Amino acid sequence: MSTLTPYPEIDRKDFRSALGLFPTGVAVVTADDDKDGSRIGMTITSFNSVSLDPPLVLFSIDKRAMSLPALCKAKTFSINVLGQQHEHISNRFATAKGDKWSETEVESHDGLPFTLANSIVAFQCAAYAEHDGGDHVIFVGRVLRIHKREEGAPLVFFSGRYASLQQPTISASN
């Protein structure tokens, strides 16, 4: 019987730096806090598609995030994909405290979760599943409605800072 050699420990800083070499889009997840009716909003870069049938998407949130308990209780949420012109929104929602909402325009649609008014696209979702993901919680949402609103290039994050794509921009008709 052979014994497996344990894998070497991965340095957290090196791992984070290596992951930063994969460019990601930037989005803001929004929801209503069921406890007090206040709004929840946080910048995310961990957004992916999961399934076309049913239409599922996922994102993850650090277990230390102040909004995590409220987000875990939310029955619906929206994922708002930001454009290059929205760096200020990304920065505002990346902070744990402060007034994120006073200069933020939102829209409501037929009782579904509210969305940021100027995002390139917003996915309104029902909570579908939650999974343990190490130091994060992985949220899976079933997409209920999609709102494509603005033309423009997406906001991209690469190697610890915002970056630009060198390709044609999308249009709302795509």
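A salt bridge is a side-chain nitrogen of Lys or Arg within 4 Å of a carboxyl oxygen of Asp or Glu. Keep that in mind for the first stops. The model on your screen is predicted.

**Stop 1: Lys63 and Asp132**

Select Lys63 and Asp132. Their side chains meet in a salt bridge, with N and O 2.7 Å apart. Now look at where each partner sits. Lys63 is in the loop between β5 (56–62) and α2 (68–73), while Asp132 is in strand β9. The two lie 69 residues apart, so this pair links distant parts of the chain. Are these residues buried, partly exposed or exposed? Lys63 has 37% relative accessibility and counts as partly exposed. Asp132 is exposed, at 61%.

**Stop 2: Asp62 and Arg64**

Next, select Asp62 and Arg64. Here is another salt bridge between side chains, 2.8 Å from N to O. Arg64 is exposed, with a relative accessible area of 66%.

**Stop 3: Asp135 and Arg12**

How many salt bridges are there by this rule? The count comes to three. To see another of them, select Asp135 and Arg12. Their closest N and O atoms are 3.6 Å apart. That falls within the 4 Å cut-off, so the pair counts as a salt bridge. Asp135 is in the loop between β9 (121–133) and β10 (136–148). Arg12 belongs to helix α1 (residues 12–19). This pair also links distant parts of the chain, 123 residues apart. Asp135 is partly exposed, at 38% relative accessibility. Arg12 is exposed, at 58%. Why can such pairs form? Side chains of opposite charge can pair when their charged atoms come close.

**Stop 4: a nonpolar patch**

Now select Ile10, Phe15 and Leu19. They form a nonpolar patch on the surface. Together they have about 340 Å² of accessible area. Ile10 is found in the segment before α1. With a relative accessible area of 61%, Ile10 is exposed.

**Stop 5: aromatic rings**

The structure holds five aromatic pairs. Select Phe59 and Phe77 to see one of them. The pair is edge-to-face: the centres are 5.2 Å apart, with 80° between the planes. Phe59 lies in strand β5 and Phe77 in strand β6 (residues 76–81), so the pair ties together parts 18 residues apart in sequence. Phe59 is buried, at 0% relative accessibility. Phe77 is buried too, at 2%.

How do the rings of Phe59 and Phe139 lie? Their centres are 5.1 Å apart and their planes are at 10°, so this pair is stacked. Phe139 lies in strand β10, so its pairing with Phe59 in β5 ties together parts 80 residues apart in sequence. Phe139 is buried, with 3% relative accessibility. Show the three residues at once: Phe59, Phe77 and Phe139 form one aromatic cluster.

**Stop 6: Arg39 and Trp101**

Select Arg39 and Trp101. Arg39 lies over the face of the Trp101 ring, 5.6 Å from the ring centre.

**Stop 7: an open sheet**

Finish with the strands. Select β1, β11 and β12. They form an open sheet in the order β1-β11-β12, with antiparallel pairing. Which strands stand at the edges? They are β1 (24–25) and β12 (161–163). Each has a single partner strand, so one side of each is left without a neighbour in the sheet. Zoom in on β1 and β11 (residues 156–158). Two bridges join these antiparallel strands. Pick out Thr24, which stands opposite Phe157 in β11.

Note on methods
Residues numbered from 1 in each chain as written. Predicted model: local features only at pLDDT ≥ 70, side-chain atom pairs only at ≥ 80, totals over all residues. Heavy atoms only, no water. Pairing = 2+ DSSP bridges. Helix = DSSP H or I, 4+ residues; strand = E, 2+ residues; numbered from the N terminus. Buried < 20%, exposed > 50% of the residue type's maximum accessible area, 1.4 Å probe, protein only. Patch = residues over 30% accessible without salt bridge, like charges linked within 9 Å, V, L, I, M, F, W, Y side chains within 5 Å. Areas by Shrake-Rupley, 256 points an atom, 1.4 Å probe, with all protein chains shown as cover. Phe/Tyr/Trp six-rings, centres within 6.5 Å; stacked < 30°, edge-to-face > 60°. Lys NZ or Arg CZ within 6 Å of the ring centre and 35° of its normal.
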